[in-house]
Amino acid sequence: MTRSERREAVAGWLLVLPAAALLAAFTHYPTVATLWRSLHGQALHGKPPSFVALANYRAMVKDPVFWQALRNNAVYSAAVIPLSMALSIVMALAVDAATGARIRGRTFLRVAYFTPTILPMIAIANIWLYFFTPGYGLIDRLLAPFGFGNWNWLGAASTALPAMIVVAVWREAAFYMIFYLAALQTIPPTLREAATLEGASRFTFFRRVIWPLLTPTTLFVFVNVVIDSFRLIDQIVVMTHGGPDNGTTILLYYIYEVGFQYWDSGYAAALTAVLLAGLAVVALAQFLLLGRRVHYG
Amino acid sequence: MSERPVHGAAVRLHHVTRRWGTSVALDRVTIDVAAGSFTVLLGPSGCGKSTCLRLIAGLDEPNDGRVEIDGRDVTPVPPAARGVAMVFQSYALFPHLNVGENILFGLRARNVGKAERTRRLRDAAEMLGIGHLLDRRPAQLSGGQQQRVALGRAVVAQTPVCLMDEPLSNLDAQLRAEMRREVLALQRRLGITMIYVTHDQTEAMSMADQVVLLRDGRVEQDAPPDRIYAHPETTFAASFIGTPPMNLLPLERTAHGLTIAGTTTPLMTGRPDHRGPLLAGIRPETLRLAAAGIEARVTHSEFLGADTIVACAVGAGAARLLARLPGRARLQPGDRVAFALDAPPHIFDATTSRRIVHAAETPTRTATPVST
C-alpha cells in the first residue's frame, strides 16, 4: 500500500464510521440483545431475570393468543398486501393517464390520492372511528336505506379485522401509489404510441410493456408492504386495542401487550425473535425468487 | 427471400389544421403523397412537420380537414387500422424485450400465427443484417443497430405506408450517410410509401422523390429535389436548400440593368417588369473568380478539402456573399476579388419573398450535387 492509498483507506473508514456506529448501536446490538433476552425469564421483585433457556419458546407453542395473533396476522397480510398493491397501481395509472390527457384538476386528483399518507395516524383513526360508528357513522348511514345500519363494525368479531384491513389498504395504497406513479412517468410516451400503432390494446400494452417495466417498483413495494403488514400497531392501539376478544390482535400488537402491559419482557423478546426470523425468511425468499424476474431498466 | 404482398398507398392531407389553444401548428395544409414514393417533409423545428406525421399516423387528430390513405378518409380511424408503420426518433424500442420480441411485438398483438411470425422475422433480420442480434436487449445495441431494429419492426408489419420521424438524428455523421442509403434501398425494394420527416436538407435532397418544405405550419414549396433546388419559389426555400445557403442580396435598378446595391456590374440585362424592391438569389456554387465582375472583399475563407467557402463583403452595405470555389482558393482576408456568374441569379420580390419569373430567366441548368 502506498501512502496515498493508506490515507484513502483511513478516510474511507472514517466516513463510514458514523453510520456504522449508529447502525450497530441502534439496530445490531438491540437485535442481539433481544435474542439473548428471549432466553431469560421475567424480572420480578427487583431481581435480575433468570436464564430459562428455551422455556419462553416452549410457552409460546402452547399460548393460544400467540396462535390467534399469528392467524390474524396471516389473514391481515394476505388481504392487505395484494389489495393495497393492486389499488396503488390502479390509482397510479389513473393519475398518470390524467397527466397525459392534461385534464383539469389533475393536481386535485393527486392530492386527493396522497392525502391518507400525509395525515397522522391518529387523525386517520379518528376519521375511520367516525365512519365505523354504529348508528350514525358514515357507513351505517350509507347502508341505512338498504335496511342495514346500527352495526358495531369494530365491536363485532366478524367485522373488526376486515375493518382494520380496509383502513390499512386505504393508507398503504395512497403511499405506494407515489412510487408507481414515479415509475410510470419514466416510461417514455412513445412506447405507448408505438404499441398503439402496432395494434396493441390497452390491456396488451399494460401486460406486455407497463407491467414488466414496473417490476423493480413492484418488488420494492412488495417487500415494504409485507414488512408493513407485520409492523402494524398504531392503528390497533388507537382503534381496537386488539379487541374484541383478541379479534384484531396481530403479532406486533401482542408483543406490545406482553412487553409493556404485562411487563414480561423475556416472553416479548421471544415473540420478537420469531417475528424477526419470519420477516428475514420472507425478505430472502422475495429477493431470491423474484429478483431474477425483475427487469432493471 | 419470399415475395411480399406490399404495395404503397397514396396519402393525402386535405386542408388540415391543427391548433393548440391559440398557437397554430398546421394551417390548412394540403399535401399529396404519391403511392410508392419517398416523400420528405422538410423544415426547421416548429414548422409542423412532425405534427403532419402524427396526424397521418392517427396519434393526433386535426381540428379541421381530412386525412386520406389509399383514397379512404381515415380521419376517424384509429392508428392501428390505418395501415401505417412508424419509426420514432427515439426508436421507441421496448427496453425489456429482446430484438426478436421487439420486432414481433405488433404481430403478436395482432395474433399473426407463429409460422408466419417466424418467416417475417427471418426475412426482416436478413434484410437488415441483424440476425445475430435477435437475443439482445436494446440497451446492448449501438445506435445504428437500434435504428435497424426499429426499421425491422416497421418492415414486418408489411403496411403500405411507413412514417419516419427524424430517424437518423441520433446517429453520427458517417453512420447517418450509410443509413440514408439503406433506408432508401429498403423503400425501393419494398415499394412502400415512405413519408420521412427531417430538418436536414441533405437527407431531403439525397433521398426524396418529392420534398415538401414546411414553414410556420404552411407548405412553402412542394416539388422534387432538383426542382426545389433550381426553382425555389420563395427566399425561404432558396436559403433552406443547399450548403452553404443561397446568397440573397438587395438589387438596384441602374441604366445598365440590375446590379447588387452598391456595385456596378449588372447581373442581368433584362429588366423584369416588376416594381418594388428586389433580391438576387445567387447560389455559392455558381460563383467563380474572374478578371472582372462583381467586386467583393474577402472577409474569411474556409478550406473544406474538395472546395473552399469564401465569405466576402459586397456592395454598399457590405452585404455578405458566400462563394464555393473548387480546390484550395488561396485568398486572404482583405483581398479584392471579382466574381462571374455561371448561372443567372434567381430574382425575388423583397416584400413578398416570392420568386419572380421573368423573360431573362434561362432554362434550369443541371443541378450541382449537394455536398454532405
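Reader: In what order do the six strands of the open sheet in chain B stand, and what is the pairing?
Author: The order is β6-β7-β8-β3-β9-β10, and the pairing is mixed. Strands are DSSP runs (E, at least two residues), numbered from the N terminus, and two of them pair if DSSP finds at least two bridges between them. This is a predicted model, where local features need pLDDT of at least 70, side-chain atom pairs count only at pLDDT 80 or more, and totals for chains, interfaces and linings use all residues. Residues are numbered from 1 along each chain as its sequence is written, chains are lettered from A and ligands numbered from 1 in the order in which they are written, and side-chain values use heavy atoms, without hydrogens and water.

Reader: What makes β6 and β10 of chain B edge strands?
Author: β6 (84-87) and β10 (218-223) each have a single partner strand, so one side of each lacks a neighbour in the sheet.

Reader: How do you know that β7 and β8 of chain B pair?
Author: Five bridges join β7 (residues 161-165) and β8 (residues 193-198) in the parallel sense, against the required at least two. In one of them, Cys162(B) has Met194(B) of β8(B) as its bridge partner.

Reader: Why is α10(A) called roughly antiparallel to α13(A)?
Author: The axes, lines fitted to C-alpha atoms over the stretch in contact, with angles from 0 to 180 degrees between N-to-C directions, cross at roughly 165° and come within 11 Å. Angles over 145 degrees count as roughly antiparallel, so α10(A) is roughly antiparallel to α13(A).

Methods:
Helices (H or I, at least four residues) and strands (E, at least two) are DSSP runs, numbered from the N terminus. Angles under 35 degrees count as roughly parallel, over 145 as roughly antiparallel, 65 to 115 as roughly perpendicular and the rest as oblique.
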